[in-house]
Amino acid sequence: RSSDLELRGPCAALTFDDGDVSMQEHVLPLLRKHRLPATFFINSAYLDGCGSYWFPILNWLLLNPDAWRGNGLPREFESHALKLRQTSDPMFYGEWRTRIEQLAPLVPNLSARLVSSDWLDSLDGDQFAIGAHGHEHERFSMMPKEWQLNDLTNNVKFLSKFRAYRPIFAVPFGRGQDW
């Protein structure tokens, strides 16, 4: 049992963020095979086919430019979209993340790219834990304090029903300026 473990010497924590289906298809079998524990930090808003946030949509669009060129997007779409990770302007962030998220229908099988509630329910809570990663995967520093509180509250409320849930949080995008 994980509660009986005592850490000795150098240690590492294996964590995986967002809920990408690759965790289910590739990571979990490998971790089980090697009996390695890990924590999966999950965004709850996108589970069970409920959409996606801007980052995976943008990645797909950049890999498939013919899918969006000619859809009435401004010429500066690509350069503006790429600034979303670096901007400190909440208005710019809000406008361009919304524009990208509106292009979600262009991405084939988008809802199948994320794990499901059933998968989270299958995690045992000993070898594998679930942590909060925000209900939505947004740059918290770009969002009002009230939004931050509501988002994290919704995330914890949803995830706490799973036996593998632990009260830990990983900041979406994982950089200091994003919190």
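How many residues line the second largest pocket, and which lie nearest its centre? The pocket has 13 lining residues, and D20, Y53, P56, N59 and R113 lie nearest its centre.

## About the model

This is a predicted model: local features need pLDDT of at least 70, side-chain atom pairs count only at pLDDT 80 or more, and totals for chains, interfaces and linings use all residues. Residues are numbered from 1 along each chain as its sequence is written, and side-chain values use heavy atoms, with hydrogens and water left out.

## Overall layout

The protein chain has 6 helices and 4 strands. Helices (H or I, at least four residues) and strands (E, at least two) are DSSP runs, numbered from the N terminus. Along the sequence, the pattern is β-α-β-α-α-α-α-β-α-β. Along the principal axes, the C-alpha atoms fill a box of roughly 55 × 35 × 30 Å.

## The second largest pocket

The second largest pocket has a volume of about 260 Å³. A pocket is an open set of points on a 1 Å grid over the protein atoms alone, where a 1.4 Å probe fits, with protein on both sides within 12 Å along at least five of seven lines; lining residues have an atom within 4 Å of a point. The volume is the space filled by probe spheres set on the points.

β1 (15-18) and α2 (54-63) each supply at least two residues of the lining. α2 gives the most, with 4 residues. By class, the lining holds 6 nonpolar, 3 polar and 4 charged residues. Here Ala, Val, Leu, Ile, Met, Phe, Trp, Tyr, Cys and Pro count as nonpolar, Asp, Glu, Lys and Arg as charged, and the others, Gly among them, as polar.

## How α2 meets α4

α2 also packs against helix α4 (residues 90-101), at an angle of about 60° and with the axes 9 Å apart. Axes are lines fitted to C-alpha atoms, for helices over the stretch in contact, and angles run from 0 to 180 degrees between N-to-C directions. The two helices are therefore oblique to each other; angles under 35 degrees count as roughly parallel, over 145 as roughly antiparallel, 65 to 115 as roughly perpendicular and the rest as oblique.

W54, I57, L58 and L61 of α2 make the contact with Y93, R97, I100 and E101 of α4. Contact means heavy atoms within 4.5 Å. This contact has 6 nonpolar, no polar and 2 charged residues.

## Backbone notes

D18 lies in strand β1. Its phi is near 90°, a positive value in a residue other than glycine. R35 is in the loop between α1 (22-33) and β2 (38-42). R35 has a positive phi of about 55°, although it is not a glycine.
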